[in-house]
Amino acid sequence: LSNSNSNSNSNSNATDPKIKNEIISYPTKVNGSLKNEIISQVAIGSHYVIALTKDHKLFSWGSEGPWLGRKVNRVTSPYYKPSPMLINDEDENEKKNESDENRVKAEAGEEEEEVKNTNKATLKQNQSKNKPISVACGEKHSIVITQNGSVFTCGESYMNKLGCRRQCSGPDVLGEVCGFEDSHAVAAIGGSNHTTVIVTPPPPSPPPSSSPS
């Protein structure tokens, strides 16, 4: 990976004395968290970068914002250094909708369903279910396709480009987009105000195992 800065970087960089706004006209190796990683794909947004590694890890760095898909800590994970992105099994809006539905059922005298308790987890903790295989960036939003054909987004949701069940400004972790239950996403493209996802029919379910007679 090569890295370059220019005077056109965001204003947030200009306020940080650790950032040097200078033009680098030759490829420069990006180290830090990526030092021992093998990169399989890179996506570039407006003043930020996402890198996908061969073993399905996601890293982001650049201009600070929800498009980085992680919580920014100025000491441990500053926005200008590659740091792991976060991915949710369940979106915050979905949890709120479930809570509202359960409340209505309880008020109607119906048995309240158990509310799912899904905590925000790191990609490493969830990678068995949600292994990223493809990444894309719009101007200020990020899209990740996982091995099971799901779509995750984060960033600004102007013109609804994050997809359904996503908060207006986008949480600072990747959340799943609804509407792909009957298809299998394989790739995505992000624009300034839109997202395009390429899908295929879902893979067939494995046949039931026959019990020994």
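Visitor: Which residues does Ser83 touch, not counting residues up to four places away in sequence?

Guide: Good place to start. This is a predicted model, so please read each value as computed from it. Ser83 touches Leu58, Phe59, Ser60, Arg70, Ser77 and Pro78, leaving aside residues up to four places away in sequence. Ser83 itself sits in strand S4.

Visitor: Is Ser83 buried or exposed?

Guide: Buried: its relative accessibility is 6%, and the cut-off for that label is under 20%.

Visitor: How do the strands around S4 line up, and in what order?

Guide: Four strands make an open sheet, ordered S1-S2-S3-S4, with antiparallel pairing. Strand S1 (39-44) and strand S4 (83-84) are the edges; each has a single partner strand, so one side of each has no neighbour in the sheet.

Visitor: How many bridges join S1 and strand S2?

Guide: Five bridges pair S1 with S2 (residues 48-53) in the antiparallel sense.

Visitor: Now to aromatic rings. How is a pair of them described?

Guide: By two quantities, the distance of the centres and the angle of the planes. In this case, a search of the whole structure gives two aromatic pairs. One of them is Tyr48 with Trp67, a tilted pair with 6.3 Å centre to centre and 35° between the planes.

Visitor: Which parts of the chain does the pair of Tyr48 and Trp67 tie together?

Guide: Tyr48 belongs to strand S2, while Trp67 is in the loop between strand S3 (58-62) and S4, so the pair links parts that are 19 residues apart in sequence. Both Tyr48 and Trp67 are buried.

Visitor: What about the rings of Tyr79 and Tyr80: how far apart are their centres, and at what angle are their planes?

Guide: Their centres are 5.4 Å apart and their planes stand at 90°, so the pair is edge-to-face. Tyr79 has 0% relative accessibility and therefore counts as buried.

Visitor: What do S11 and S12 form?

Guide: A hairpin, with four residues between the strands. Strand S11 (residues 184-190) and strand S12 (residues 195-200) run antiparallel and are joined by six bridges. Here His184 stands opposite Thr200 in S12.

Visitor: And Tyr158, is that residue buried or exposed?

Guide: Exposed, because its relative accessibility is 53% and that label begins over 50%. Tyr158 lies in the loop between strand S9 (151-155) and strand S10 (175-176). Tyr158 and Lys140 are 18 residues apart in sequence, with 9.4 Å between their C-alpha atoms.

Visitor: How many helices and strands does the chain have?

Guide: Three helices and twelve strands. Buried residues account for 38% of the 213 residues in the chain. The accessible surface is about 12,400 Å², and 50% of it belongs to carbon and sulfur atoms.

Visitor: Finally, what share of the contacts between residues at least 6 apart in sequence joins residues at least 24 apart?

Guide: That share is 49% in this chain.

Definitions and conventions:
Residues are numbered from 1 along each chain as its sequence is written. This is a predicted model: local features need pLDDT of at least 70, side-chain atom pairs count only at pLDDT 80 or more; totals for chains, interfaces and linings use all residues. Side-chain values use heavy atoms; hydrogens and water are left out. Two strands pair if DSSP finds at least two bridges between them. Helices (H or I, at least four residues) and strands (E, at least two) are DSSP runs, numbered from the N terminus. Rings of Phe, Tyr and Trp (its six-membered ring) pair if their centres lie within 6.5 Å; planes under 30 degrees apart count as stacked, over 60 as edge-to-face and the rest as tilted. Buried means under 20% relative accessible area, exposed over 50%, partly exposed in between (1.4 Å probe, protein chains only). Contact means heavy atoms within 4.5 Å. Accessible areas come from the Shrake-Rupley method with a 1.4 Å probe; for residues, only the protein chains shown count as cover.
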